[in-house]
Amino acid sequence: MIEPILDHQFHERSFGFRHGCGAHDALRIVEQKLQEGFVYVVDADLKGYFDTIPKDRLLALVKEHISDSRMLKLIKLFLDQSILEELLEWTPITGV
């Protein structure tokens, strides 16, 4: 339900975790740029990035685009979900 609201906020070359976008789309752009004469390709993966996202800041940014209190409550419930890891349950303060 929130995808149509937020999808246009992403950069046109952002292919990860977006409906209808994937690695083949990114490769198509790389091929196009190589044909245009570009000679470098940079591949970056920010290890652990999603573990460091502040939940309160993320929710504040989402509230700028979504006003439905039921949807905001559902998103908050997802963000506040506890984790079961090796039979130990814990709730992270940051991260999504």
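This is a predicted model: local features need pLDDT of at least 70, side-chain atom pairs count only at pLDDT 80 or more; totals for chains, interfaces and linings use all residues.
**Entry: the nonpolar patch**

I looked up which side chains form a nonpolar patch on the surface, and I found Phe17, Leu46, Tyr49, Phe50 and Val96, which have about 630 Å² of accessible area together.

**Entry: a salt bridge in helix 2**

I found a count of 5 salt bridges, and I began with the one between arginine 28 and aspartate 25, where the closest N and O atoms are 2.9 Å apart. Where do these two residues sit relative to each other in helix 2? They are 3 residues apart in this helix (residues 23-35), so about one helical turn separates arginine 28 from aspartate 25.

I next looked at glutamate 36, which forms a salt bridge with lysine 33, with 3.4 Å between the closest N and O atoms. Glutamate 36 is partly exposed, with a relative accessible area of 45%, and lysine 33 also counts as partly exposed, at 26%.

I then turned to aspartate 68 and arginine 70, whose side chains meet in a salt bridge at 3.2 Å, N to O. Here aspartate 68 counts as partly exposed at 31% relative accessibility, while arginine 70 is exposed, with a relative accessible area of 65%.

Terms used: Residues are numbered from 1 along each chain as its sequence is written. Side-chain values use heavy atoms; hydrogens and water are left out. Patches are made of residues with over 30% relative accessible area and no salt bridge: like charges are joined within 9 Å, nonpolar side chains (Val, Leu, Ile, Met, Phe, Trp, Tyr) within 5 Å. Accessible areas come from the Shrake-Rupley method with a 1.4 Å probe; for residues, only the protein chains shown count as cover. A salt bridge is a side-chain nitrogen of Lys or Arg within 4 Å of a carboxyl oxygen of Asp or Glu. Helices (H or I, at least four residues) and strands (E, at least two) are DSSP runs, numbered from the N terminus. Buried means under 20% relative accessible area, exposed over 50%, partly exposed in between (1.4 Å probe, protein chains only).
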